[in-house]
Amino acid sequence: MAPRTPRTKQPQNAAHAAALARREQGNRTLRTATRWLIGGSVAGALALTGLFASQATATTSTAGAASAQAPGSSAAATGSAGAQAATPPAPNRSAAASASASAAPQRRAVTRSRAS
Amino acid sequence: VFSASTPWVWYFSRGTGIVSIVLLTVSVALGIAQVTRLEARGWPRFVTSQLHKTASLTAVVFIAAHVVSVIADGYVNVRWGAAVIPFSSSYQPFWVGLGAVATDLLIALTVTSLLRQHIGARLWRTVHWTAYACWPVAFTHGLGIGTDTSLLWVRALSATCALAVVGAAAWRFTTFPATPRRPTVAAAGRR
């Protein structure tokens, strides 16, 4: 069987040629917009992930330095402050703190493991 | 790197959540542009239609990544069932429940759109009207439970998204109170 060749439309007249040109231009626009949409979304998600990580790292460094400069601060206290800052901010942390006693130990346990 | 105890998963879930609402906004705006048959020089209608589909499917992928990363991370106590069963979460049941409602609506919108040829235009259109409910529910979920809503740039982004959707919807319902019908063959022939 003979290989199939892509069918190319030949313009029948000037109006048809203009319509084909508009279609081709639309296809180019669509390809570019699709590339930007998907690429921008992936890049945006990765950039935000990095941004939040760097913010947490900066907060950790600031808190650690502040604890180290505090007079009479012990290593345990420094570690505690640094670990607290290293914990990613939980949504509605104040609400989580006032949550029921049954839920609190689990969240604290998660916070400890994350800080380590 | 992306283990259950790694904060990167938590940061990733926050990032995908923000990107998801932006993608939903783009999808809704393009859907409105499509239904109103908006076009411009160099931007024919099929570009709007195809981009609307692409934006919607990309939003589904990012919302799936958001849900999976939130559950896999374990930092907040949300289980698999709470992702699709509204208001069943033990953690922040109302706000997580809104996210589950938005997820369910998006699943229905996606499935009916993929099966549009089989289910008929009337059912598809009926379900597609829920898109106007999906966006505000997802938006409210983000505002209510989002970790980063206190950040200035997140507020600016949220305001931009809200303005885009509200403006597009207002323009759509004031300019086209009913769904524009396709021109009939007779009407097209008279042109």
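Q: Starting from the definition, angles under 35 degrees count as roughly parallel, over 145 as roughly antiparallel, 65 to 115 as roughly perpendicular and the rest as oblique. With that in mind, how do α7(B) and α8(B) pack?

A: This is a predicted model, in which local features need pLDDT of at least 70 and side-chain atom pairs count only at pLDDT 80 or more, while totals for chains, interfaces and linings use all residues. Residues are numbered from 1 along each chain as its sequence is written, chains are lettered from A and ligands numbered from 1 in the order in which they are written, and side-chain values use heavy atoms, with hydrogens and water left out. In the model, α7(B) and α8(B) pack at an angle of about 160° with their axes 12 Å apart, the axes being lines fitted to C-alpha atoms, for helices over the stretch in contact, and the angles running from 0 to 180 degrees between N-to-C directions. The two helices α7(B) and α8(B) are therefore roughly antiparallel to each other.

Q: And which residues make the contact between α7(B) and α8(B)?

A: From α7(B) they are Y132(B), W135(B), F139(B) and L143(B), and from α8(B) they are S158(B), C161(B), A162(B), V165(B), R172(B) and F173(B), where contact means heavy atoms within 4.5 Å. Sorted by class, the contact of α7(B) with α8(B) has eight nonpolar, one polar and one charged residues; Ala, Val, Leu, Ile, Met, Phe, Trp, Tyr, Cys and Pro count as nonpolar, Asp, Glu, Lys and Arg as charged, and the others, Gly among them, as polar.

Q: What is the handedness of the crossing where α7(B) passes α8(B)?

A: The crossing of α7(B) past α8(B) is left-handed, a label used if the near helix is turned anticlockwise from the far one by less than a right angle, with right-handed used if clockwise.

Q: Back up a bit: how many helices and strands are there in chain B?

A: Chain B has nine helices and zero strands, counting DSSP runs numbered from the N terminus, with helices as H or I of at least four residues and strands as E of at least two. Of the contacts in chain B with a separation of 6 or more, 59% are between residues 24 or more positions apart.

Q: What about chain A, how many helices and strands there?

A: Chain A comes to four helices and zero strands. Buried residues make up 23% of its 116 residues, whereas in chain B they make up 43% of 191 residues; buried means under 20% relative accessible area, exposed over 50% and partly exposed in between, with a 1.4 Å probe and protein chains only.

Q: Which residues of α7(B) are buried, then?

A: They are A131(B), C134(B), W135(B), V137(B), A138(B), F139(B), H141(B), G144(B) and I145(B), and what covers them includes α1, α2, α4, α6 and α8 of chain B. Helix α7(B) covers residues 131–145, and its 15 residues reach 21 Å from first C-alpha to last, close to the 21 Å expected at 1.5 Å a residue, where the expected span is 1.5 Å times one less than the number of residues.

Q: Where does D148(B) lie?

A: D148(B) is in the loop between α7 and α8 of chain B, and because its relative accessibility is 8%, D148(B) counts as buried. Leaving aside neighbours within four places in sequence, D148(B) is in contact with F52(A), R14(B), I18(B) and V154(B).

Q: New topic: at what angle do α1(B) and α2(B) pack?

A: The angle is about 155°, with the axes of α1(B) and α2(B) 8 Å apart, so α1(B) and α2(B) are roughly antiparallel to each other. The residues of that contact divide into 16 nonpolar, 14 polar and one charged.

Q: And which loop holds R37(B)?

A: R37(B) is in the loop between α1 and α2 of chain B, and its phi is near 60°, a positive value in a residue other than glycine. Most residues other than glycine have a negative phi. F87(B), in the loop between α3 and α4 of chain B, also has a positive phi of about 60° without being a glycine. R37(B) counts as partly exposed at 27% relative accessibility, and F87(B) is partly exposed with a relative accessible area of 43%.
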